[in-house]
Amino acid sequence: MFFSVVIPTYNRQPILAKCLKALERQNLAADSAIEGYEVVLVDDGSTDGTLEWLQDNAAEFPHVRSLLQNHQGPAAARNLGVEHAQGDTIIFIDSDLVVTENFLQAHADGLQQGQQTYGSDRVFTYGLVINTCNFADPTAEPYKITDFSAAYFATGNVAIARHWLDKAGLFDTRFQLYGWEDLELGVRLKQLGLKLIKCPAAVGYHWHPPFNLKQIPNLIEKEIQRGRMGVLFYQKHPIWEVRMMIQMTWLHRLLWGLLSLGGNLNERSLAPVLQWLIDQGKPQLALEIARIFLNWYNVQGVYSAYAQMQSADRAK
């Protein structure tokens, strides 16, 4: 197999440098099924000098090919990357993911084992993603219970035969705001009968800056956007499984309503507690507590967008 690692990026040059350097340090087994690999970087209209930096340091990244598009979001960027990819197997990661040296080999081994198990290439591998705010040494972060993911298809760390992406129809570029474009494609892949192969040896460390109170307005906006995109997801696939994923159920409304005391535990009332935890060197715990009101904003965003959709449908 020949791997094409497709990476969309937007204004992430510092962590992108670590991401690309890690991909250049891959150890492939002597009997590896990997014939070779490339890294297809799609710059989604960055304004931080990403492409200029890459051009200045091209000698360090012999596997990297770069593409540029106007800012259209990750769905369009990944589609462009796949269209220009040379490989028969696509790996999707994000540009803030730093992988280990056996990352590609682990995905190759997982794909082979899955094909042997099911007697078909109707499989894809999903690697382990560990969240970290350690920029100096991202791969030093231990696995935490909060890193667990039950997602079927998430583009933070996944490998799949290219022809299944073509058959499913790639990413829906209507998902221009935050969230759901990868899981929506996952529903279509599941309908084609593809099996998920967990691949914990293919580890990626997802870096994000340490949580602070200045991030809260942007995080709230993301949750509202995720709610809007969740309704688009449900429009395409009006099934219970999607309702559960996007939190559009009475159970989620009740749960986050109770935990947030009807929205009274919010960014204002919890600010002193969150700041105290940050000052104590516990920004991750502060973020987990902030998820109480962030999820409340998400659920409110879902139902607001759903009401707008119903109103528009009645007006037709």
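These are my notebook entries on a predicted model.

**Ground rules**

I number residues from 1 along each chain as its sequence is written. Because the model is predicted, I take local features only at pLDDT of at least 70 and side-chain atom pairs only at pLDDT 80 or more, while totals for chains, interfaces and linings use all residues, and side-chain values use heavy atoms, with hydrogens and water left out.

**Entry 1: the sheet**

I began with the strands (DSSP runs of E, at least two residues; helices are runs of H or I, at least four, and both are numbered from the N terminus). An open sheet of eight strands has the order 3-2-1-4-7-6-8-5, with mixed pairing. I count two strands as paired if DSSP finds at least two bridges between them.

Which strands are at the edges? They are strand 3 (64–68) and strand 5 (97–99), each pairing on one side only. From one strand to the next, the twist averages 30°; for such angles, axes are lines fitted to C-alpha atoms, for helices over the stretch in contact, and the values run from 0 to 180 degrees between N-to-C directions.

- Strand 6 (residues 123–132) and strand 7 (residues 157–161) are antiparallel over three bridges, and Y126 stands opposite V158 in strand 7.
- Strand 5 and strand 8 are antiparallel over three bridges, and V99 stands opposite G204 in strand 8.
- Strand 6 and strand 8 are parallel over 10 bridges, and N131 stands opposite H206 in strand 8.

Helix 1 lies across several strands, including strand 1 (2–9) and strand 2 (36–43), and runs at about 25° to strand 5. Helix 3 (residues 74–84) packs on the sheet too, its direction making about 150° with that of strand 1.

Next I looked for a nonpolar core (a set of buried Ala, Val, Leu, Ile, Met, Phe, Trp, Tyr and Cys residues joined through side-chain atoms within 4.5 Å). The largest has 36 residues, and F3, I7, L20, L23 and I93 have the most contacts inside it. Helix 1 (residues 13–24) gives the most to this core, with seven residues. Leaving aside neighbours within four places in sequence, L23 is in contact (heavy atoms within 4.5 Å) with V5, I7, Y37, V39, I93, V99 and F103. Apart from this core lies another, of 25 residues, among them A85, V158, I160 and L189.

**Entry 2: Q13, buried or exposed?**

Q13 lies in helix 1. Q13 counts as buried because its relative accessibility is 18%; buried means under 20% relative accessible area, exposed over 50%, and partly exposed in between (1.4 Å probe, protein chains only). Setting aside neighbours within four places in sequence, I found Q13 in contact with D48, T50 and W53.

**Entry 3: two positive phi values**

Phi of N11 is near 55°, and N11 sits in the loop between strand 1 and helix 1. N11 is partly exposed, with a relative accessible area of 30%. Phi of L170 is also near 55°, in the loop between helix 5 (162–168) and helix 6 (181–191). At 12% relative accessibility, L170 counts as buried.
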